[in-house]
Every structure is written in C-alpha cells, then in structure tokens.
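Hi,

Here is the structure I promised to pass on.

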Amino acid sequence: MAKALEKFDKLVEALEQLPTIGKKSATRLAYHMVTKDSFNALRLSHAIEDAISSIKRCCECGAMSEDELCFICCDERRDQSVLCIVESAKDILLLEENALFDGKYFVLESMDEMSIVNLTKKISQDDVKEIVFALTPSIQNDAVILYIEDKLKEFNIIFTKIAQGVPTGVSLENIDILSLSRALEDRVKV
C-alpha cells in the first residue's frame with residue numbers, strides 16, 4: 001500500500017537533514033509551508049535554488065562570494081597586514097556581521113598541501129605581518145596552529161590566537177558576541 005502523504009513525508013525528511021532540526025520541528029515547518037504559507041514556501045524554495053547556483057568560494061580567501069573575489073578581498077580599506085584564519089566561511093559571516101575584525105581572512109577547512117600553498121601565496125601577496133588564529137579552541141586546533149607556524153617560519157610574522165574565554169570545543173557560532181569580541185581584542189601571541 002502506498003503512503004498517503006509520501007510527498008509531505010519527503011519534505012519532512014529533507015528538513016530533518018538541516019542542522020538543529022529534529023522530527024518535530026521538521027514536521028511543524030513542513031505543515032506550515034504546505035498548509036499555512038505556501039507563497040513564502042515557494043519564495044524560500046526559489047531563494048535556496050538561487051543561492052546554490054550563485055554562491056561560490058572566493059578564489060583568494062575561501063569566503064562565500066557571488067563573484068570570483070569576495071567583497072572583503074576587494075576592499076582596499078581593509079588592513080592587509082593582519083590575516084585571520086578561520087575554520088569555515090560561516091565564521092567570517094559572524095565576525096563581519098558584528099564588525100569585530102578589519103583585516104583579511106583565510107578559510108582553512110582542510111590541512112592539505114594546497115591550503116598551505118594558497119595561504120603562503122596570500123601572505124606574500126598581502127605582505128602579512130600578523131596571523132590571528134580564530135579557531136575553535138581544542139587540542140587538535142592547537143596542533144594545527146603549531147603545524148602552520150612551522151610551515152611559515154620563513155616569514156617574519158607574529159602569530160596570535162583569540163584569547164581564552166571562548167570555551168574549548170564550542171563552535172564560534174555558539175558563542176555570545178561579548179565573549180567573541182573580547183577574545184579577538186585580547187588575542188595572545190602563540
């Protein structure tokens with residue numbers, strides 16, 4: 001026997017795949033979209049499709065962008081001498097939304113050789129004097145910091161990281177803005 005609400009169930013399953021959305025929330029959202037506000041649901045669908053087809057990675061820093069270079073890399077007013085290394089492009093959104101940093105960024109999602117080559121290129125190109133590690137505090141990320149320091153020892157760079165106060169193991173998106181702001185202001189030499 002075929003399911004009576006197969007398409008509704010597929011919508012619920014798709015919504016459940018999103019971070020922090022459980023079965024109850026997915027069902028509630030699906031019900032609202034299908035029965036209460038189909039116009040906004042179609043608008044959401046179009047916005048998702050448009051974003052997926054338009055957004056790519058900045059070829060220089062790895063941030064999200066609709067162009068080859070993101071708005072940050074194109075902004076000549078930014079302090080090129082300070083480079084903030086983050087774990088994901090979404091971390092840049094958080095820092096920019098709250099105007100916490102006026103330098104440039106580099107997204108380090110993997111520790112492959114190509115990432116190091118691109119990082120080295122950015123350091124040379126922008127004449128970077130300081131690298132700020134805005135990584136989630138953890139033993140693994142401390143090892144990443146040491147590895148990068150070793151790979152970049154030929155450059156005359158000051159290495160800093162965001163100050164403690166950001167709890168170990170907590171993602172930047174889950175930290176209150178005051179703690180994040182103080183952590184950036186009180187960064188320490190690595």
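This is a predicted model: local features need pLDDT of at least 70, side-chain atom pairs count only at pLDDT 80 or more; totals for chains, interfaces and linings use all residues.

Below is what turned up, by topic.

First, the ground rules. Residues are numbered from 1 along each chain as its sequence is written, and side-chain values use heavy atoms, with hydrogens and water left out.

Salt bridges: I took a side-chain nitrogen of Lys or Arg within 4 Å of a carboxyl oxygen of Asp or Glu. By that rule there are ten. One of them joins R57 and E109, at 3.1 Å from N to O. R57 sits in strand β1 (residues 56–57) and E109 in the loop between β4 (103–107) and α6 (113–126), so this pair ties together parts 52 residues apart in sequence. (Helices are DSSP runs of H or I with at least four residues, strands are runs of E with at least two, and both are numbered from the N terminus.) R57 counts as partly exposed because its relative accessibility is 42%, and E109 is partly exposed at 48%. For those labels, buried is under 20% relative accessible area, exposed is over 50%, and partly exposed is in between (1.4 Å probe, protein chains only).

Another bridge links D150 and K153, with the closest N and O atoms 3.3 Å apart. D150 is partly exposed at 44%, whereas K153 is exposed at 63%. Salt bridges with shared partners also join E60, K122 and D126 into one network.

Aromatics: the search of the whole structure gave two pairs, where rings of Phe, Tyr and Trp (its six-membered ring) pair if their centres lie within 6.5 Å; planes under 30 degrees apart are stacked, over 60 edge-to-face, and the rest tilted. F133 and F159 have ring centres 6.2 Å apart and planes at 20°, so they are stacked. F133 belongs to strand β5 (residues 130–134) and F159 to strand β6 (residues 158–161), so the pair ties together parts 26 residues apart in sequence. Both F133 and F159 are buried.

Surface charge: E49, D50, E66, D67 and E68 gather in a negative patch. Patch members have over 30% relative accessible area and no salt bridge, and like charges are joined within 9 Å. E49 lies in helix α3 (residues 38–54) and is exposed, at 56% relative accessibility.

Cheers

Note on methods:
Patches are made of residues with over 30% relative accessible area and no salt bridge: like charges are joined within 9 Å, nonpolar side chains (Val, Leu, Ile, Met, Phe, Trp, Tyr) within 5 Å. Accessible areas come from the Shrake-Rupley method with a 1.4 Å probe; for residues, only the protein chains shown count as cover. Lys and Arg count as positive and Asp and Glu as negative; His and the chain ends are not counted. The place of a charge is taken as NZ of Lys, CZ of Arg, CG of Asp or CD of Glu.
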